[in-house]
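User: Hi! I'd like to talk through a structure with you, pockets and rings included. Could you put it up?

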Amino acid sequence: MIKLDQVKKKYAGFELNCSMEVQEGSVTALIGLNGAGKSTTFKSILGLIFPDSGKIELLGKPLKDFTEKDKEQIGVVLSDSGFSGYLKAEDLIPILKQFYQGFEESLFLENCQKLEIPLDKKIREFSTGMKAKLKVLIAMSHKAKLLILDEPTAGLDVLAREQILDMLRDYMIPGDRSILISSHISSDLEGFCDDLYLIHKGQMLLHEETDVLLSEYGILKVTEEQYQKMDHTYLLKKRQESYGYSLLTNQKQFYQENAPELSIEKGNIDELISMMIRGEAV
């Protein structure tokens, strides 16, 4: 669905160097700190900025060959995009009909009702959460095969986030659709995404399946003495602590079986980001 091959974009003080792939039928997350390069990557994929070099493919064809009809196959939510605040939600219906041949008005109205989005209220009077929900609904409203969602659940409470994720799960049911998503809410990613990429300072530090990350990665808490004696073969990163070291491994079971005396904690996405970015090479 999406393929980036050595895509580079240089700004003053920042350089993106990115390769990644989103497979058909999968939900892929792009995670990283603010300023890591997520938005630059999204905008490159969408043709909003032009990379200095590299190749981008969308839906199996080069981005440069993408047509207006092809673009109807993509639904997009960008963190810095939106509609005029003077419009009402109901005013968007004829606009969306004009933009997208596949716009499903009945589904749009049904979802507005589910998420309690008023049709007759000006968008400028919406809460931050209501604006976020509306953007996601619009992206899903025209039978797109690919959704590109930049922080789609930002500003939403727990219930609204779960409603959005449930709708996105339903969107994936046909089996031939894909989602590329970024989010700062790790619990959303852990329960929703098939795989993830970690980007930092414009570079991809990690690509892993989410199930593998949650089942095989772990954080070891060890003293200086334990660190010196243990097998370092499957350690990825280390961080000095008051008691000794925190250690990131992608072979948790190896240490559980061969060094049961060590304290091993199940890793999560937040800890992974912290260890991969702040940790030192072993």
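Analyst: Here is a chat about its pockets, one serine, one proline and the aromatic pairs. Keep in mind that this is a predicted model.

User: Thanks! Pockets to start with: how much space lies in the largest pocket?

Analyst: The largest pocket holds about 1,000 Å³ of space. Its lining is made up of 37 residues, and those nearest the centre are L46, L48, K71, I74 and V76.

User: Which element supplies the largest share of that lining?

Analyst: That would be β4, with six residues of the lining of the largest pocket. At least two residues each come from α1, β4 (53–58), α2 (68–71), β6 (74–77), α3 (92–99) and α5 (128–139).

User: And how do the residues of that lining divide into nonpolar, polar and charged?

Analyst: For the largest pocket, the lining has 22 nonpolar, eight polar and seven charged residues.

User: OK, what volume does the second largest pocket have?

Analyst: The second largest pocket comes out at about 270 Å³. It is lined by 17 residues, with S79, S81, K131, A132 and K135 nearest its centre.

User: Where does the largest share of that lining come from?

Analyst: From α5, which gives five residues to the lining of the second largest pocket. By type, this lining has seven nonpolar, five polar and five charged residues.

User: Switching topic: where does S44 lie, and is S44 buried or exposed?

Analyst: S44 is part of helix α1, which covers residues 38–45. S44 counts as buried because its relative accessibility is 0%, and the cut-off for buried is under 20%.

User: What lies 2.8 Å from a polar atom of its side chain?

Analyst: The backbone oxygen of T40 is at that distance from a polar atom of the S44 side chain. Leaving aside residues up to four places away in sequence, S44 touches L16, I49, P51, I56 and L63.

User: Tell me about P51 then. Where does P51 lie?

Analyst: P51 sits in the loop between α1 and β4. With a relative accessible area of 27%, P51 is partly exposed.

User: Which residues does P51 touch?

Analyst: Not counting residues up to four places away in sequence, P51 touches V7, K8, K9, S44 and I56. Take V7: P51 and V7 are 44 residues apart in sequence, yet 6.4 Å apart in space, C-alpha to C-alpha.

User: Nice. Now the rings: how many aromatic pairs does the structure hold?

Analyst: The structure has five aromatic pairs. One of them is F99 with Y100, whose ring centres are 6.3 Å apart and whose planes are at 85 degrees, so this pair is edge-to-face.

User: Is F99 buried or exposed?

Analyst: F99 counts as exposed, because its relative accessibility is 53%. Another pair is Y227 with Y245: the centres are 4.5 Å apart and the planes at 40 degrees, so this pair is tilted.

User: Why does the pair of Y227 and Y245 tie together parts that are apart in sequence?

Analyst: Y227 belongs to helix α9 (residues 224–229) and Y245 to strand β13 (residues 245–249), so the pair ties together parts 18 residues apart in sequence.

User: Are those two buried or exposed?

Analyst: Y227 counts as buried at 5% relative accessibility, and Y245 counts as buried at 9%.

User: Last one: which residues do ring pairs link into a cluster?

Analyst: Y234, F254 and Y255 are linked into a cluster by ring pairs.

Notes:
Residues numbered from 1 in each chain as written. Predicted model: local features only at pLDDT ≥ 70, side-chain atom pairs only at ≥ 80, totals over all residues. Heavy atoms only, no water. Helix = DSSP H or I, 4+ residues; strand = E, 2+ residues; numbered from the N terminus. Buried < 20%, exposed > 50% of the residue type's maximum accessible area, 1.4 Å probe, protein only. Polar contact = N/O pair within 3.5 Å; in protein donor to acceptor, adjacent residues only side chain to side chain. Contact = heavy atoms within 4.5 Å. Phe/Tyr/Trp six-rings, centres within 6.5 Å; stacked < 30°, edge-to-face > 60°. 1 Å grid on protein atoms, 1.4 Å probe; cavity = no way out; pocket = protein on both sides within 12 Å on 5 of 7 lines; lining within 4 Å. Points joined across faces, edges and corners; volume = space filled by probe spheres on them. Nonpolar A, V, L, I, M, F, W, Y, C, P; charged D, E, K, R; others polar.
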